[in-house]
Amino acid sequence: QVQLVESGGGLVQAGGSLRLSCAASGSIFRINAMGWYCQAPGKQRELVANITSAVSTNYAGSVKGRFTISKDNAKNTVYLQMNSLKPEDTAVYYCAADVEARGSSEVYWGQGTQVTVSS
């Protein structure tokens, strides 16, 4: 079993910054990719950014130039640095990890962390 624990959400004014962290633990052989998704009230969950084991990154168009995803392989942790935050960034942010364990690959999700940006 694999657990993802997120931290770093909160309330910030527009233009401010937050840094989210997500640490994976448990029966991990290899992490193929980790990413962040967001879900605003009444909307579907959507990709914010992801990063692969080859350190290839992908961003949603709405966050390019403002958010940066990075990882620490030794800690099995992924980070999301969020700068120049906008009220429309308000959502629950979920961490996801594509993990190989016991010969199979599976996607795991964190519990979510609330990010609220006030205008």
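Visitor: Leaving aside its neighbours within four places in sequence, which residues is T90 in contact with?
Guide: T90 is in contact with A40, Q114, V115, T116 and V117, where contact means heavy atoms within 4.5 Å. Please note that this is a predicted model, in which local features need pLDDT of at least 70 and side-chain atom pairs count only at pLDDT 80 or more, while totals for chains, interfaces and linings use all residues. Residues are numbered from 1 along each chain as its sequence is written, and side-chain values use heavy atoms, with hydrogens and water left out.

Visitor: Where does T90 lie?
Guide: T90 is in the loop between β8 and β9. Strands here are DSSP runs (E, at least two residues), as helices are (H or I, at least four), numbered from the N terminus. T90 is partly exposed, at 23% relative accessibility; on this scale buried means under 20% relative accessible area, exposed over 50%, and partly exposed in between, with a 1.4 Å probe and protein chains only.

Visitor: What separates the C-alpha atoms of T90 and G10?
Guide: The separation is 9.9 Å, for two residues 80 apart along the chain.

Visitor: Let us turn to charges. How many salt bridges does a search of the whole structure find?
Guide: The search finds two. A salt bridge here is a side-chain nitrogen of Lys or Arg within 4 Å of a carboxyl oxygen of Asp or Glu. One joins the side chains of R30 and E100, at 3.1 Å from N to O. R30 is in strand β4 and E100 in strand β9, so the pair links distant parts of the chain, 70 residues apart.

Visitor: And the side chains of R66 and D89, what do they form?
Guide: They meet in a salt bridge at 2.8 Å, N to O. R66 belongs to the loop between β6 and β7, and D89 to the loop between β8 and β9, so this pair ties together parts 23 residues apart in sequence.

Visitor: Are R66 and D89 buried or exposed?
Guide: Both R66 and D89 are buried.

Visitor: What is the lining like by class?
Guide: It has eight nonpolar, three polar and six charged residues. Ala, Val, Leu, Ile, Met, Phe, Trp, Tyr, Cys and Pro count as nonpolar, Asp, Glu, Lys and Arg as charged, and the others, Gly among them, as polar.

Visitor: Now the largest nonpolar core. Which members touch the most others?
Guide: Of its 31 residues, these are L4, M34, W36, V48, L80, M82 and Y93. Such a core is a set of buried Ala, Val, Leu, Ile, Met, Phe, Trp, Tyr and Cys residues joined through side-chain atoms within 4.5 Å. β9 gives the most to this core, with five residues.

Visitor: What does L80 touch?
Guide: Not counting residues up to four places away in sequence, L80 touches L18, R19, L20, W36, V48, A49, F67, T68, I69 and Y93.

Visitor: Finally, the backbone. What is phi of V55?
Guide: Phi of V55 is near 65°, positive although the residue is not glycine. Most residues other than glycine have a negative phi. V55 sits in the loop between β5 (46-52) and β6 (57-59) and is exposed, with a relative accessible area of 55%.

Visitor: And S84?
Guide: Phi of S84 is near 50°, also a positive value in a residue other than glycine. S84 is in the loop between β8 (77-82) and β9 (91-101), and its 40% relative accessibility makes S84 partly exposed.
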